[in-house]
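Q: I would like to learn how to read the features of a protein model. Can we take them one at a time?

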Amino acid sequence: MIVFILSTICVILLLLYLFLVWSFDYWKKRGVSGPKPWPFVGNYPSLATQKRNMACDIQDIYESYKHSENFVGIFNGGTPQLLLTDIDIIKRVLITDFKNFHDNDISKYVDVSSDKIFGSNPFILTGEEWKERRAEVTPGLTTNRIKTVYPVTNRVCKTMVDYIEKQAKMGGKDGVDGKDLCLRFTCEVVTDCVLGLNAETFTDKPSIILAMTNKLFQQSYIIIIYMVLAGIFPSIHKIKKLRFVPKNVETFFFELLQTALSMRRAQKKQGLNEERVDFVNYMLHLQEKKNLQIPELTAHTMTFLLDGFETTSMVLSHCLLLLGRDSSRQEMLRTEIVEKLGNSNDFDALGELPYLDACVHESLRIFSPAGFLTKMCTVSTNLENKNGKILNVAVGTPIIIPVQAIMMDERYYKNPNSFEPERFLNGGLKNYKDRGVFLGFGDGPRICLGMRFALTQIKAALAEIIRHYKVRINPRTRSDNKYDPTYFMLRLDGGVWLEFDKLN
């Protein structure tokens, strides 16, 4: 009996092992090199161990194969993926042959029925639906419209500086939580610019909007477990879709948006707020033009909110971190701000500060929110490897673009681990973009929709802070650039803790 039980267990374990590795010869059969995958995790051990960020797994593979291969076969669990290491092929995927790699791979796992907020975002949408949504949203993010709502950003900047002064006087041993500070800023700006509502994030009693914004980006272990299972069972998305935004948070924002839209309609009927040409104003015009229903209108408006909170605050906090570590470059930036802006934050003048622009883009290079992009092959395409061998990429194949690895590659960036904004001066940024090695906002038709709005917020906040304060690093902040191993985006592990010394 014991022999039978042990034999049965052995057979079950053998069958399980064979099931987990049955696809591991996929790339070998196609003549594509790659690292050895492991059962359950494939080539992403960090997804299971949570000891480092997944982008680090990708960077290791990239560094091992970038000189010998244009692309590498890897696995997410048992799902084959193609990791690109050649810049020219990456430019093909993102730009030249965009129609052949039109969609983001995450779109398989989320839709509007499972997640009304994230599932309606252009980042998730596919095919013609994406094209239509982007065409509808893009006019709401023009330079003129951003300039129109800029006074809101400017006002919040001044409120933030006052808040910093109060926090600095409290003199806590950990200093000021930079992540919290920057999220308060973006939450206030975006809520006011998009909805015309005050989140009161810099008061002693902020509205519930701030708390819900924090919950909006809390990473659940359910998501991690789901993605691990999706790698092992690729068809899981046909049975169960993924929810990124918690149901109570989704309900709150939909009700908030509908309230804001109703208020604006009422004000419009009364002849009020007609001069406020903001994002809500645009959405109401779009509703009239396209006869959008409330759910569609709400989903459209959420695009502006979702894209403006977390990523923008992360870039701002990391820029303060890097400037706080480098007093000489911080002083160079301060000199530029004082000489060219004085005590104002003029919109047009803000866009003419080359060193400020360089500091922001260098921060984006070192701490790009997205460590990698995952595209999906939508039309079968041939790619040539360094050895001249042609690979026919099948429809549905996930394509990994190693954003963080490319922007930390010493072939493209000298001293890649160093904060050197000067590399982006005198046409440097254009050169890196043209070469396809700066991907802080992505590239091609799916480049970040909110890029200009985000840059405006970040630059305005930095100008106001650096003008009034010397930024230093609190001892609680780590001295290296280790990424948070538990978060899906790239942020400093342990948080950004800052000290602010007021200038005369």
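A: We start with a definition: a nonpolar core is a set of buried Ala, Val, Leu, Ile, Met, Phe, Trp, Tyr and Cys residues joined through side-chain atoms within 4.5 Å. Buried means under 20% relative accessible area. Keep in mind that this is a predicted model.

Q: How many residues does the largest nonpolar core have, and which have the most contacts inside it?
A: In soluble globular proteins, nonpolar side chains tend to be buried together. Here the largest nonpolar core has 136 residues. The residues with the most contacts inside it are L82, L84, F185, F253, I401, L462 and F500. Helix α22 (residues 451–468) gives the most to this core, with 10 residues.

Q: What does L462 touch, leaving out residues up to four places away in sequence?
A: With that exclusion, L462 touches L316, C319, L320, L323, I337, L356, V360 and R467. Another core lies apart from the largest one. That other core has 10 residues, including Y44, L47, Y65 and V72.

Q: Now a strand. How many residues of β1 are buried?
A: Count them along the strand. In β1 (residues 71–76), 6 of the 6 residues are buried, so the strand is largely enclosed by the rest of the structure. Then sort them by direction. F71, G73 and F75 point one way, while V72, I74 and N76 point the other way. Both sets are buried.

Q: In which sense do β1 and β2 pair?
A: Antiparallel. Strand β2 covers residues 79–84, and its pairing with β1 runs over 6 bridges. β1 and β2 form a hairpin with 2 residues between them. G77 sits in the turn and has a positive phi of about 65°.

Q: On to charges. How many salt bridges does the count come to?
A: Side chains of opposite charge can pair when their charged atoms come close. The cut-off used is a side-chain nitrogen of Lys or Arg within 4 Å of a carboxyl oxygen of Asp or Glu. By this rule the model has 33 salt bridges.

Q: What separates D180 and R184 along helix α9?
A: About one helical turn, because D180 and R184 are 4 residues apart in helix α9 (residues 178–195). Their closest N and O atoms are 2.7 Å apart, and the two form a salt bridge. R184 is buried, at 14% relative accessible area. D180 is partly exposed, at 25%.

Q: Which distant parts of the chain does the pair R476 and D174 link?
A: First, the contact itself. The side chains of R476 and D174 meet in a salt bridge of 2.9 Å, N to O. R476 is in the loop between β9 (469–473) and β10 (497–502). D174 is in the loop between α8 (150–170) and β4 (176–177). The two are 302 residues apart. R476 is partly exposed at 44% relative accessibility, and D174 is partly exposed at 23%.

Q: Where are R329 and E422, the partners of another such pair?
A: R329 forms a salt bridge with E422, with closest N and O atoms 3.1 Å apart. R329 is in helix α17 (residues 327–341), and E422 is in the loop between α20 (403–407) and α21 (428–435). They are 93 residues apart. E422 is partly exposed, with a relative accessible area of 29%.

Q: Which residues are linked in a network of salt bridges?
A: E63, K66, D409 and R411 are linked in this way.

Q: Last, the surface. Which residues make the nonpolar patch of about 330 Å²?
A: M1, I5 and I9 make the patch. I9 lies in helix α1 (residues 2–21). I9 is partly exposed, with a relative accessible area of 41%.

Conventions: Residues numbered from 1 in each chain as written. Predicted model: local features only at pLDDT ≥ 70, side-chain atom pairs only at ≥ 80, totals over all residues. Heavy atoms only, no water. Buried < 20%, exposed > 50% of the residue type's maximum accessible area, 1.4 Å probe, protein only. Contact = heavy atoms within 4.5 Å. Patch = residues over 30% accessible without salt bridge, like charges linked within 9 Å, V, L, I, M, F, W, Y side chains within 5 Å. Areas by Shrake-Rupley, 256 points an atom, 1.4 Å probe, with all protein chains shown as cover. Pairing = 2+ DSSP bridges.
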